[in-house]
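Here is a short report for a reader meeting this protein for the first time. Keep the sequence and the model in view while reading.

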Amino acid sequence: MRKPTKKQSIESYSRQKARQKIKARLNAELPRWIVVHHIDENPLNNDINNLKLMGNPKHISYHLKGKIHPERTLKTVEKLLSLYNSSL
Ligand SMILES: [Zn+2]
């Protein structure tokens, strides 16, 4: 097993923090398949304006440049997104 680098552990800690920030903001649990995406792709920038909720498949497809089309989950994600956006 590969030992995580220091950079990776800082990043995953920061991602946890981002998730907590969104949960506190929504006052709700985030399902596992909801990912907190960093708009500028810098996982250390947890400014609320840099965070966006994405369904996991959509998130993966974003990073794979649209190779996956997870139509089924989009409606649910959009509901959460509108909840999120209206709480800003
Ligand atoms: Zn992302």
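The largest nonpolar core has seven residues: Ala18, Ile22, Ile34, Val35, Val36, Leu53 and Met54. A nonpolar core here is a set of buried Ala, Val, Leu, Ile, Met, Phe, Trp, Tyr and Cys residues joined through C-beta atoms within 7 Å. A residue is buried if 20 or more other C-beta atoms lie within 10 Å of its own, exposed if 12 or fewer, and partly exposed in between, with C-beta atoms placed from the backbone. At least two residues of this core come from each of helix H1 (6-26), strand S1 (34-38) and strand S2 (51-55). S1 gives the most, three residues. In soluble globular proteins, nonpolar side chains tend to be buried together.

The model is predicted: local features need pLDDT of at least 70, side-chain atom pairs count only at pLDDT 80 or more, and totals for chains, interfaces and linings use all residues. Residues are numbered from 1 along each chain as its sequence is written.

**Overall layout**

The protein has three helices and two strands. Their order from the N terminus is α-β-β-α-α. Helices (H or I, at least four residues) and strands (E, at least two) are DSSP runs, numbered from the N terminus. Of the 88 residues in the protein, 14% are buried. Contacts can also be sorted by sequence separation. Take those between residues at least 6 apart in sequence: 36% of them join residues at least 24 apart. Two residues are in contact if their C-beta atoms, placed from the backbone, lie within 7 Å.

H1 has 21 residues. From its first C-alpha to its last it reaches 30 Å, close to the 30 Å expected at 1.5 Å a residue. The expected span is 1.5 Å times one less than the number of residues in the helix.

Asn27 follows H1. This residue sits in the loop between H1 and S1. Its phi is positive, about 55°, although Asn27 is not a glycine. Is Asn27 buried or exposed? Asn27 is exposed, because 7 other C-beta atoms lie within 10 Å.

Glu41 also has a positive phi, near 60°, and is a residue other than glycine. Glu41 lies in the loop between S1 and S2. Glu41 counts as exposed, because it has 10 C-beta neighbours inside 10 Å.

Pro43 is found in the loop between S1 and S2. Pro43 counts as buried, because it has 20 C-beta neighbours inside 10 Å. Which residues does Pro43 touch, not counting residues up to four places away in sequence? They are Glu11, Ser14, Arg15 and His38.

**Pairs across the sequence**

The table gives C-alpha to C-alpha distances.

| Pair | Apart in sequence | C-alpha to C-alpha |
|---|---|---|
| Gly55 and Arg32 | 23 residues | 9.1 Å |
| Pro43 and Ala18 | 25 residues | 8.6 Å |
| Leu83 and Leu26 | 57 residues | 7.6 Å |

Gly55 lies in strand S2. Gly55 counts as buried, because it has 22 C-beta neighbours inside 10 Å. Leu83 belongs to helix H3 (residues 71-86). Leu83 is partly exposed, because 13 other C-beta atoms lie within 10 Å.
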